Amino acid sequence: MDIANVQKMLATKAHYQPTHRFNDLYRFVRDRNWLESARNAILHNTGANTPGVDGICGKTLSSGEWRTLLDQTVEELRAGTYQPQAVRRVYIPKANGKLRPLGIPTIRDRMVQEVLRMTLEPIYESQFLDCSYGFRPGRSTMAAIDTIQRLTMAGNKYWWCVEGDIQGCFDAIPHDRLIRVLRRTIADERLLELIWAFLKAGYVENNQLHHPQTGTPQGGIVSPLLANIYLHQMDLAWWERYGSASQKERTKRREHGLGNVKLIRYADDFLVLTNGDKAEALALREEFGAILTLLDLTLSPEKTLVTHLDDGIEFLGFHLQRKPRPAQPQRKVVYVEPTERNQQQYKDKIRELLKETNGDVVNKIRALNRVILGWARYYQYVQAAKIRGPLDYWTFWAVWRWLERKHGGYWTQKQIYHEYVRPSSLSERTGYFGKGTDSPPFLSVLARKRGLIRPRRATFSAAGRS
């Protein structure tokens, strides 16, 4: 069975027959080829190193153990006796300093969830609207930011924003209503029963088993898709009221002093933009709050703000603000930059890596490279040059101070320079960190060649810094 062709067939059917209800999907979930494909996919994820409540790590299983696990899973799925296990709950820090609960399923449950995603995603991708960007193939945070930049150009004037945040969205989605939404498209009750079993499996925290009545646990492979399916109901409400309006209808609204409305949603974070006035933006906040109430969800009071783009907003780790252009002060454009909070998070990660002075320098540089490259790639398409330069300068000297601590103050700056700084082709007075000809470069300096960062380089003299 060619998985790609089946997925294409499901997507085509959903696109051309939007009211069709799909039956006999469970046969894909219990198919060994689909399960093997799912296993290969999850083993390439970093989560394969993290065990669930059963303590099994996917990457430590031998081929024989995987074969046994697959046989058992196929047999239970075909017999209808497969029972998902509870997820292991851990907490990870959020950007605001709070902790986000994360559920870690067992490796076997991850494999079955991946098959569910492979089955459902082609169907629902044909239904989702263009206003949704989060956890969708071929879409990204930068695609959402590009859309905002386009909408906020001078000709469109979408300058009033409702910064929406759904309170505890993943933990608040009601199970029964989610199944009812799924049943509009999925007629295969065996598939729905399996999804229901995953929703009701619960989580283990401090050796206690909990069975919440709401929520799709964050960390589950199929959870983001289920959340998107549920929040698609909000997207549809926007589309019916504003999104489907023709150009003539939008022009008529403007002639009557009313603004048009655009929605950009990334998972549970969303922006509602209007080219009307502040009063209309305030009304839209109440309107979308009422839409979410019908879905048994609530807007976060402290995070749902009404803001003019001239004052700046934060969305998906980006700071967007409409400012005058330096060369043309009479003309305003939207600038997109890294948020101050994300800059601080970057520094905190570097400080954490440089906390201990033990360990090999080359391995430390490799670890630093991963942080620097990840940050640079995330912000490589926005106006971050003025921020990246000083940040690179800060990083360079953070590593330099770490090397001074590592050598206990016994090495001179000249010794450190000759041991760890490899000359740059740009100047004899600049360089990047490394050790030996085979060591990795320090990306914040070398990245100019890749177009990721344009750093302000630290320079040295024979006596030290200059």
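Guide: Gladly! A polar contact is a pair of N or O atoms within 3.5 Å, where one must be able to donate a hydrogen and the other to accept it. Keep in mind that this is a predicted model.

Visitor: What makes the pair formed by the side chain of Thr304 and the backbone oxygen of Ser300 a polar contact?

Guide: A polar atom of the Thr304 side chain lies 2.8 Å from the backbone oxygen of Ser300. The cut-off is 3.5 Å, so this distance falls within it.

Visitor: Why is Thr304 called buried?

Guide: Its relative accessibility is 4%. Buried means under 20%, so Thr304 counts as buried. Thr304 sits in the loop between α12 (278–294) and β8 (305–308).

Visitor: Which residues is Thr304 in contact with, leaving aside its neighbours within four places in sequence?

Guide: They are Val162, Glu163, Gly164, Asp165, Arg285 and Leu299. Each is called a contact because heavy atoms come within 4.5 Å.

Visitor: How do you know that β4 and β5 pair?

Guide: Pairing needs at least two bridges, and 3 bridges join β4 (residues 203–205) to β5, so the two strands pair. They run antiparallel, and Tyr203 has His210 in β5 as its bridge partner.

Visitor: And what makes β5 an edge strand?

Guide: The open sheet has 4 strands in the order β2-β1-β4-β5, with mixed pairing. Both β2 (99–104) and β5 (208–210) are edge strands, as each pairs on one side only. From one strand to the next, the twist averages 40 degrees.

Note on methods
Residues numbered from 1 in each chain as written. Predicted model: local features only at pLDDT ≥ 70, side-chain atom pairs only at ≥ 80, totals over all residues. Heavy atoms only, no water. Axes fitted to C-alpha atoms, helices over the stretch in contact; angles between N-to-C directions. Buried < 20%, exposed > 50% of the residue type's maximum accessible area, 1.4 Å probe, protein only.
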